[in-house]
Amino acid sequence: MSTEPDTAADGIDWRSETSDVEMSRRDRLNEFYEQKLYVPAAVAWSDRRTRLGVLILSVYLLMAVVDLLGLWRDASPNQAERFLSPFENMAYPLGTTNSGHDLLALIIDSTPFILQMVFAGGVWATTLAVIVGTISGYKGGTIDTVITAITDFFMAIPGLPLVIVLAIALNPENPLLLGVVLTINYWAGLGRSIRSQVLSIREESYIEASRTMGTGSVRIIIKDVLPNIMPYVMVNFVLAARYTIFASVGLYFIGVLPYTGQNWGVTLNNAYNQGGLFSMQAFHWLLVPIIAIVGLAFGLVLLSQGMDRIFNPRVRTRLTGKSESIEEESDTSTEMI
């Protein structure tokens, strides 16, 4: 006598149910990929500013990889003829310094340090500002009063003197620590701005509806508040990163930060001290690090402008064609009426 379950008699096909479950999981994965990865990437890539920004930043990332893998020569004295002009000798395409250093090697050697420092400074300033601003603006009451008082205190401290004192006291040689030191109180102003935006967002009807349904504060902040302020946060992340670049180069230029290896600010300092500002023979020595600094800042700005298409719900909806389909449906229904 057969012991197998009579699925036909019971009217249940367990195998088909299992396949349905597997298909639903696959569908969920496909939906996650399309909605969270593919569609945002396609929307951002449709903007030429995003493409140009990614291209520029890719050049810097490539230089960092080249340095980390040792694919280009290290900068050292007397490795080439002195004061070669750019493209005069293609073995040294950006020229050389008065001591025979390869300028391209100097720029490549500095790139990993600069990128780590910029990333640390931008992440520190924006993350702390978002946490402080959203909690203060959404919770209100005593929490808002205390956080606002702390923010005002940090805003009242002069930024440059504080950074100089900390740089002298800590003598930071680690790029991550240096990025945090340079933006030690930069987050305060951004935190106040985010608080102002959250104060207006929390009064919206959909926020009130979420509260009425018993949704927790953390979930409301993550699902409803943060998506509305992300375009502003992205722009200010880039501003914090640019500030980190310019502040570090300036402090290296005047000799406040420790002389550790090569840095674009150190290269500028050496070029200026050797008459790069007044001598056409050495002018390229001064120009090359300036172009590197401006290029990195410009790439970050372009990328942030393109990212607005991802984080701005209205722009993203319009670009994905959803708003057009809704308008077509409404027009059709109007004609039928």
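1. Helices here are DSSP runs (H or I, at least four residues), numbered from the N terminus. The 12 residues of α6 (159-170) should span 16 Å at 1.5 Å a residue, and the end C-alpha atoms are 16 Å apart, so the two agree. The expected span is 1.5 Å times one less than the number of residues.

2. This is a predicted model: local features need pLDDT of at least 70, side-chain atom pairs count only at pLDDT 80 or more, and totals for chains, interfaces and linings use all residues. Residues are numbered from 1 along each chain as its sequence is written, and side-chain values use heavy atoms, with hydrogens and water left out.

3. Helix α10 (residues 217-254) is another matter. A straight helix of 38 residues would span 56 Å, but α10 spans only 47 Å between its end C-alpha atoms. Where does α10 bend? At L226, by about 55°, with a proline, P227, following within four residues. The bend is the angle between axes fitted to the seven residues ending at a residue and the seven starting there. G255 follows α10, with a positive phi near 85°.

4. Confidence next. pLDDT is the predictor's confidence in each residue, from 0 to 100. The protein chain averages 82, and 82% of the residues score at least 70. Helix α14 (residues 322-336) is lowest, at a mean of 43, while α4 is highest, at 93. Over residues 322-337 the pLDDT is below 50. Where pLDDT is low, the predicted coordinates should not be read in detail.

Terms used. Helices (H or I, at least four residues) and strands (E, at least two) are DSSP runs, numbered from the N terminus. Contact means heavy atoms within 4.5 Å.
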